[in-house]
Amino acid sequence: KSIAVLPFRNDSPDSTNQYFIDGTMEAILDNLCKISDLTVVSRTSVEQFRETAKPVREIAKRLNVNYILEGSGQKSENEIRFTVQLIDANKDKHIWSYPYEGEATDIFKLESRIAESIAAKLKVLISSEEKQLIEKNPSISLTAYDFYQRGREEYWKFWSDNTNRGALKKAELFYRRALNYDSSFAQAISGLAWVYYYNQLNSDYFSENFMDSVLVLANIAGSYDNQLSEVYTLRGAYHHQKGESKLAIEEYH
């Protein structure tokens with residue numbers, strides 16, 4: 001059972017709300033990734049289909065999945081509206097849709113509910129531990145979360161064009177603003193670690209302290225949330241760059 005979550009369309013009158021729409025899409029994708037009985041395509045793989053006219057069946061074939069999730073969203077001040085559709089790619093048939101209208105303060109519940117509904121429609125097994133992870137309501141301020149989403153959006157701009165150093169700088173500023181509101185926000189800390197990773201990768205390779213700040217930040221993020229996958233990915237990347245392959249593999253596993 002495999003699925004790809006395509007980039008959501010921003011139906012807001014304000015185009016600057018794209019970061020919020022993308023952040024919600026990525027959170028739903030991350031929740032689905034917590035289900036071991038389901039294979040989920042990464043965001044890096046689906047980004048190529050952000051603005052495409054290709055038929056769903058062709059996209060699914062390219063990504064080697066059986067199901068596609070499409071979505072769109074709007075945000076106006078504290079009001080949000082999302083619609084998601086689950087498609088059986090082999091039959092090119094909609095099998096479930098979910099319209100939602102409410103307040104931005106309920107965004108975490110919305111992200112969890114959609115992931116669990118998809119699992120139910122696909123008859124995917126969810127362990128009690130996985131269910132707990134999906135329904136975990138982060139004890140962070142919405143302001144901090146909003147700044148984190150803005151930072152994440154800038155980070156993806158840099159990822160898609162690694163010459164865009166301005167986007168990486170903006171990502172750092174937004175992550176730091178998020179941490180000003182919540183210094184224990186693990187995802188913002190790991191986001192900052194990725195900024196340091198790419199900054200040092202290009203400038204400090206021969207330094208004695210190469211990548212040390214990345215490891216420090218990854219460990220701090222892990223101290224607040226030891227189930228955050230990015231913590232282990234960061235540690236793996238750190239050891240890989242240091243030439244410590246065995247330690248890198250342990251972290252990636």
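Biologist: Is W156 buried or exposed?

Modeller: W156 is buried, because its relative accessibility is 9%. Buried here means under 20%. Keep in mind that this is a predicted model.

Biologist: And which residue does Y155 pair with?

Modeller: Y155 forms an aromatic pair with W156. The ring centres are 6.1 Å apart, with 75 degrees between the planes. That makes the pair edge-to-face. Y155 counts as buried too, at 6% relative accessibility.

Biologist: What about the rings of W156 and W159, how are they arranged?

Modeller: Their centres are 5.2 Å apart and their planes sit at 70 degrees, so this pair is edge-to-face. The cut-off for that label is over 60 degrees.

Biologist: Where do W156 and W159 lie?

Modeller: Both are in helix α6, residues 142–160. They are three residues apart, about one turn of the helix. W159 counts as partly exposed, at 36% relative accessibility.

Biologist: Which residues do ring pairs link into a cluster?

Modeller: The cluster holds Y155, W156, F158, W159, W194, Y197 and Y198.

Biologist: How many aromatic pairs does the structure hold?

Modeller: There are 17.

Biologist: Still on rings. What lies over the face of F20?

Modeller: K75 does, at 5.4 Å from the ring centre.

Biologist: New topic. Where is the place of I68?

Modeller: I68 is in strand β4, which covers residues 67–76.

Biologist: Buried or exposed?

Modeller: I68 is buried, because its relative accessible area is 0% and the cut-off for buried is under 20%.

Biologist: Which residues does I68 touch?

Modeller: Leaving out residues up to four places away in sequence, I68 touches I3, A4, L6, V56, I59, A60, Q85, L86, I87 and A89. Take I87: I68 and I87 are 19 residues apart in sequence, but 5.1 Å apart in space, C-alpha to C-alpha.

Biologist: How do strands β5 and β6 pair?

Modeller: In the antiparallel sense, over 10 bridges. Strand β5 is residues 79–88 and strand β6 is residues 93–103.

Biologist: What stands opposite R81?

Modeller: E101 in β6 does.

Biologist: Which strand is E103 found in?

Modeller: Strand β6. E103 is partly exposed, with a relative accessible area of 37%. Apart from residues up to four places away in sequence, E103 touches N78, E79 and I80.

Biologist: How far is E103 from Q18?

Modeller: Their C-alpha atoms are separated by 17 Å. Along the chain, E103 and Q18 are 85 residues apart.

Biologist: Now the helices. At what angle do the axes of α8 and α9 cross?

Modeller: Roughly 170 degrees, and the axes come within 8 Å. Helix α8 is residues 186–203, and helix α9 is residues 212–224.

Biologist: So are they roughly parallel or roughly antiparallel?

Modeller: Roughly antiparallel. The cut-off for that is over 145 degrees.

Biologist: Which residues meet there?

Modeller: From α8, the residues include A186, I189, L192, A193 and Y197. From α9, they include D212, V214, L217, A221 and Y224. Y197 also belongs to the ring cluster with W156.

Terms used
Residues numbered from 1 in each chain as written. Predicted model: local features only at pLDDT ≥ 70, side-chain atom pairs only at ≥ 80, totals over all residues. Heavy atoms only, no water. Phe/Tyr/Trp six-rings, centres within 6.5 Å; stacked < 30°, edge-to-face > 60°. Buried < 20%, exposed > 50% of the residue type's maximum accessible area, 1.4 Å probe, protein only. Helix = DSSP H or I, 4+ residues; strand = E, 2+ residues; numbered from the N terminus. Lys NZ or Arg CZ within 6 Å of the ring centre and 35° of its normal. Contact = heavy atoms within 4.5 Å. Pairing = 2+ DSSP bridges. Axes fitted to C-alpha atoms, helices over the stretch in contact; angles between N-to-C directions. Parallel < 35°, antiparallel > 145°, perpendicular 65-115°, else oblique.
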